[in-house]
Amino acid sequence: MFKKVLIANRGEIAVRIIRACRELGIRTVAVYSTADRSSLHAQIADEAVCIGPADSSKSYLNMEAIISACEITGADAVHPGFGFLSENAKFARICEKCGITFIGPSAASIDMLGDKAMAKKTMQAAGVPVIPGSSGAVSSLSDAKKIAQQIGYPVLVKASAGGGGRGIRMISNDDELESQINIASQEAENFFGDKSVYIEKFIEDPRHVEIQIAADKAGNVVYLGERDCSLQRRHQKVLEESPSPVMTQELRCKMGEAAVKAAKVSNYYNVGTIEFLVDKHLNFYFMEMNTRIQVEHPVTEFVTGVDLVKTQIRIAANENLDFTQNDIKIKGHAIECRINAECPDKNFRPCPGTITELYTPGGPGIRVDSAAYQGYTITPFYDSMISKLIVYGTTREEAIMKMKWALSEFIVCGVDTNIDFQLGLIKNKTFESGKYDVGFIERLLAKKDI
């Protein structure tokens, strides 16, 4: 096992990793930017190193500074969390060359699965259901037009190296094709440094359901049920739950087996998530694989009892999984709400500022993952998420009821938050029925029903 782990991240996920390391008896090193001097992760780690200014490209994305921090502190492993360098194959290779363990998959797996077009081609060859579309990045406008006409409009154009809803455009006809491809390509280059895009069929009114897997270096792969992430705004997840309200045991087995196949064909190890679209007929299609821990991982931890962050660390330390597929039983129901410093009434504008009062809910089946505290200043430089509120109940109905009162008890003063928006969502009759899809929140906002 590692002696010292450096966490190349910030915020609540850095705090989460530090706590997992403590339980494993591992010392921790936090890195922070000048804007994060007073951040919780920098205060609770065993050591903390400033790696640059507020600009993330000069701090949390600064590979040289992070490797230097490892060297001066003697860290023998790096946990990248999510975002930043978590899916960066170059960084994984640099860690390897420097004799530092990257707590994640191999650089080769990141390369294969990080390019969405290449990942789709790989899954197709392995027999995993994929959304109809181009077999790789489109090379010209004429090729794009031919593919779009062949699979039928509407289609989506997506950044090959994309994620987080960036570089995606829906196209309804030939006339929109050129302009929307150019916009998506430019956005892809701006955010990912790669302007290549691919085309796929737009599945109407789908659900976004993802399968969590864990795979060790000996080739053992286990799926840990699913998460329904259909509640999204502008392709950004807002609320997640496990299990999915539409899931059947037969469908779970089929999707889980497809996810295991996806991991094995890419020689994958670490925890990972295979994201699928599920249509109204319960047909499912591979979208992409995330080669890191997910923001929404706590709901899976609640319903399976598996600590995914500690599992990541153990796999990286060459330990085999200590559970098999037969050990995984989905029990109860969990829901996660992302609490953001933003103003829903002003088009969800980020709201930096100082938290003057803070009260978080508690009790059986209530979990708050956060780096916020009273007096903490939320800066304008990073993601607006300040907390994750996760609840667990023996049934979905119990979990919904628990989330209602937990959100009602959650008090944050000094900055605007989306707590009331989340409360309106959890009280919505359509949400309670479980009959929602990825366009549900956008329709509510368009009608001003929330």
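How many bridges join strand β2 and β3, and in which sense do they pair? I looked this up first. Strand β2, residues 27-33, pairs with β3 in the parallel sense over five bridges.

**Before going on**

I am working with a predicted model, where local features need pLDDT of at least 70 and side-chain atom pairs count only at pLDDT 80 or more, while totals for chains, interfaces and linings use all residues. Residues are numbered from 1 along each chain as its sequence is written, and side-chain values use heavy atoms, with hydrogens and water left out.

**Entry: the open sheet**

I noted what pairing takes: DSSP has to find at least two bridges between two strands. Helices (H or I, at least four residues) and strands (E, at least two) are DSSP runs, numbered from the N terminus.

Five strands make up an open sheet, in the order β3-β2-β1-β4-β5, and the pairing is parallel. β3 (47-52) and β5 (101-102) are at the edges with a single partner strand each, so one side of each has no neighbour in the sheet. I also picked out one bridge to look at: Ala 30 has Ala 48 in β3 as its bridge partner.

**Entry: another strand pair**

I moved on to strand β6 (residues 155-159), which pairs with β8 in the antiparallel sense over five bridges. Val 157 stands opposite Ile 199 in β8.

Is β8 enclosed or open? To answer, I needed the burial cut-offs: buried is under 20% relative accessible area, exposed is over 50%, and partly exposed is in between (1.4 Å probe, protein chains only). Strand β8 (residues 197-201) has four of its five residues buried, so the rest of the structure largely encloses it.

**Entry: salt bridges**

I counted a salt bridge where a side-chain nitrogen of Lys or Arg is within 4 Å of a carboxyl oxygen of Asp or Glu. The structure holds 27 of these salt bridges.

- Glu 47 and Lys 4 meet through their side chains at 2.5 Å, N to O. Glu 47 lies in strand β3 and Lys 4 in strand β1 (residues 4-7), so this pair ties together parts 43 residues apart in sequence. Glu 47 is partly exposed at 25% relative accessible area, whereas Lys 4 counts as buried at 14%.
- Arg 338 and Glu 296 form a salt bridge at 2.9 Å, N to O. Arg 338 sits in strand β14 (residues 333-340) and Glu 296 in the loop between β13 (284-290) and α10 (297-304), so the pair ties together parts that are 42 residues apart in sequence. Arg 338 is buried at 12% relative accessible area, and Glu 296 is buried at 1%.
- Lys 402 and Glu 398 form a salt bridge at 3.9 Å, N to O. They are four residues apart in helix α12 (residues 396-409), which puts about one helical turn between them. Lys 402 is buried, with 13% relative accessible area, but Glu 398 counts as partly exposed at 31%.

Which residues are linked in a network of salt bridges? I found Glu 210, Arg 227, Lys 237, Glu 240, Glu 275, Glu 296 and Arg 338 in it.

**Entry: cysteines**

How many disulfides does a search of the whole structure find? I got zero disulfides (a disulfide being a pair of cysteine sulfur atoms within 2.5 Å).

I checked two cysteines anyway. Cys 70 has its closest cysteine sulfur in Cys 95, 6.3 Å away, too far for a bond. Cys 70 is buried, at 1% relative accessible area. For Cys 343, the closest cysteine sulfur is in Cys 351 at 7.0 Å, again too far for a bond. Cys 343 counts as buried at 10% relative accessibility.

**Entry: two packed helices**

I looked at helix α3 (residues 63-73) and helix α4 (residues 89-97), which pack at an angle of about 30° with their axes 11 Å apart. Axes here are lines fitted to C-alpha atoms, for helices over the stretch in contact, and angles run from 0 to 180 degrees between N-to-C directions.

α3 and α4 are therefore roughly parallel to each other (angles under 35 degrees count as roughly parallel, over 145 as roughly antiparallel, 65 to 115 as roughly perpendicular and the rest as oblique).

Finally I found Ala 75 in the loop between α3 and β4 (77-79). Ala 75 is buried, with a relative accessible area of 7%.
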